[in-house]
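Subject: Structure for you to look over

Hello,

Here is the structure I promised, with the sequence alongside. My notes on it follow below.

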Amino acid sequence: MARDNLSDILVFLAVARERSFTRAAVKLGMTQSALSHTIRALEARLGVRLLTRTTRSVSPTEAGERLLQNVAPRLEEIDAEIAAVSELGDRPAGTVRITATDHVIDNVLWPRLAAVLPQYPDIHLEISAEYRMVDVAAERYDIGVRWGDQVEKDMIAVRLTPDTQTLVVGAPGYFAHRAVPASIDDLMKHECIRLRLAGGGVYAWEMLDRGEAVDVRVRGRYTFNGVYQMLNAALSGSGLAYMTEDMAAPHVQAGRLVSVLADCCPKFPGLHAYYPSRRHASRALAVVLDAIRHKD
């Protein structure tokens, strides 16, 4: 019975964290029907409902929340101890889970990891591309990646990149019949390509107005939830896009894009990998962090 409960509780924790049977089923590699059956069986054994289900959402009940808050940290401690024991072997081993945006994965993380990890055949990686602000401790990721000013104070942070310049760019064809913007106010007269955030809101461009930081809520017909799609839209002449220099610079240098409003575009404080300070730093995690850290 205890073994069954432990296995089923792990399933419950996945659903409670994801707030979705669909996402939890994908993460666990189970069918939704098998997952639902497991939850119902656990609730029957415990004699209490753990999840409130509606057609649009899933959330823990009071009993479920208690299980989530009190049992999950203990299971994490067990995982940490198992990882510590595995470190007694000859080679770094284990799975390292990372969350970052697709652009960061493709251009920062993977090139560095691909050059190092062939030397460590017992290290496994699971990398998720996401645009939301992930709670790595709650969702059991080992590493998250954010701009330096977004990292919580109780996290350990490792710098991945120098400070990063931002740009507003548009294709030469876009400006064929439009004036180049001379101020932030002029952006309101332009077709701007926007980014939809995972939480549902639209990203406000973080710019400088006579040296003062301002959030500019631009308008435009085209909204995407990924930066690659924004870049492609800008290259097609569909509007102005706001992005980091490393992404736009090759196209600016080749003449496919034009940079405007340079004085209004700030630098972001570099990308940082972060992880909970209380988490056991395994040898596998140390190898991955050393591979991706910024080296002068």
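Two strands count as paired if DSSP finds at least two bridges between them. By that rule, strand E9 (residues 205-209) pairs with strand E10 (residues 212-216) through five bridges, in the antiparallel sense. Across this pairing, Asp209 has Glu212 of E10 opposite it. E9 and E10 make a hairpin, and two residues lie between the strands. Arg210, in the turn, has a positive phi of about 55°.

Please keep in mind that this is a predicted model.

The chain as a whole

The chain has 296 residues, 44% of which are buried. It contains eight helices and 15 strands. The C-alpha trace spans about 70 × 50 × 30 Å along its principal axes. Of the contacts in the chain with a separation of 6 or more, 75% are between residues 24 or more positions apart.

The five-stranded sheet

An open sheet is formed by five strands, in the order E4-E3-E5-E15-E6, with mixed pairing. Strand E4 (123-129) and strand E6 (155-159) are at the edges; each has a single partner strand, so one side of each lacks a neighbour in the sheet. From one strand to the next the twist averages 30°. Within the sheet, strand E3 (residues 94-100) and strand E5 (residues 143-147) run parallel and are joined by two bridges. Thr99 has Gly144 in E5 as its bridge partner.

Helices H2 and H3

How do helix H2 (residues 21-28) and helix H3 (residues 32-46) pack, at what angle and how far apart are their axes? The angle is about 105° and the axes are 9 Å apart. Angles of 65 to 115 degrees count as roughly perpendicular, and H2 and H3 are therefore roughly perpendicular to each other. On the H2 side the contact is made by Phe21, Thr22, Ala24, Ala25 and Leu28. H3 contributes Gln32, Leu35, Ser36 and Ile39. Sorted by type, the residues of this contact are six nonpolar, three polar and no charged.

Helix H6

Which residues of helix H6 (residues 227-235) are buried? They are Val227, Met230, Leu231, Ala233 and Ala234. Around the axis these residues cover an arc of only 160°, which puts them on the same side of H6. After H6 comes Gly237, which has a positive phi, near 85°.

Val58

Val58 belongs to strand E2 (residues 58-60). Is Val58 buried or exposed? Its relative accessibility is 9%, and residues under 20% are called buried, so Val58 counts as buried. Leaving out residues up to four places away in sequence, Val58 touches Val15, Arg19, Ser20, Phe21, Leu51 and Thr52. Phe21 is also one of the H2 residues in the contact with H3. Val214, by comparison, is 156 residues from Val58 in sequence and 37 Å from it in space, C-alpha to C-alpha.

That covers my notes on the model.

Regards

Definitions and conventions:
Residues are numbered from 1 along each chain as its sequence is written. This is a predicted model: local features need pLDDT of at least 70, side-chain atom pairs count only at pLDDT 80 or more; totals for chains, interfaces and linings use all residues. Side-chain values use heavy atoms; hydrogens and water are left out. Buried means under 20% relative accessible area, exposed over 50%, partly exposed in between (1.4 Å probe, protein chains only). Helices (H or I, at least four residues) and strands (E, at least two) are DSSP runs, numbered from the N terminus. The arc is that of the directions from the helix axis to the C-beta atoms. Axes are lines fitted to C-alpha atoms, for helices over the stretch in contact, and angles run from 0 to 180 degrees between N-to-C directions. Angles under 35 degrees count as roughly parallel, over 145 as roughly antiparallel, 65 to 115 as roughly perpendicular and the rest as oblique. Contact means heavy atoms within 4.5 Å. Ala, Val, Leu, Ile, Met, Phe, Trp, Tyr, Cys and Pro count as nonpolar, Asp, Glu, Lys and Arg as charged, and the others, Gly among them, as polar.
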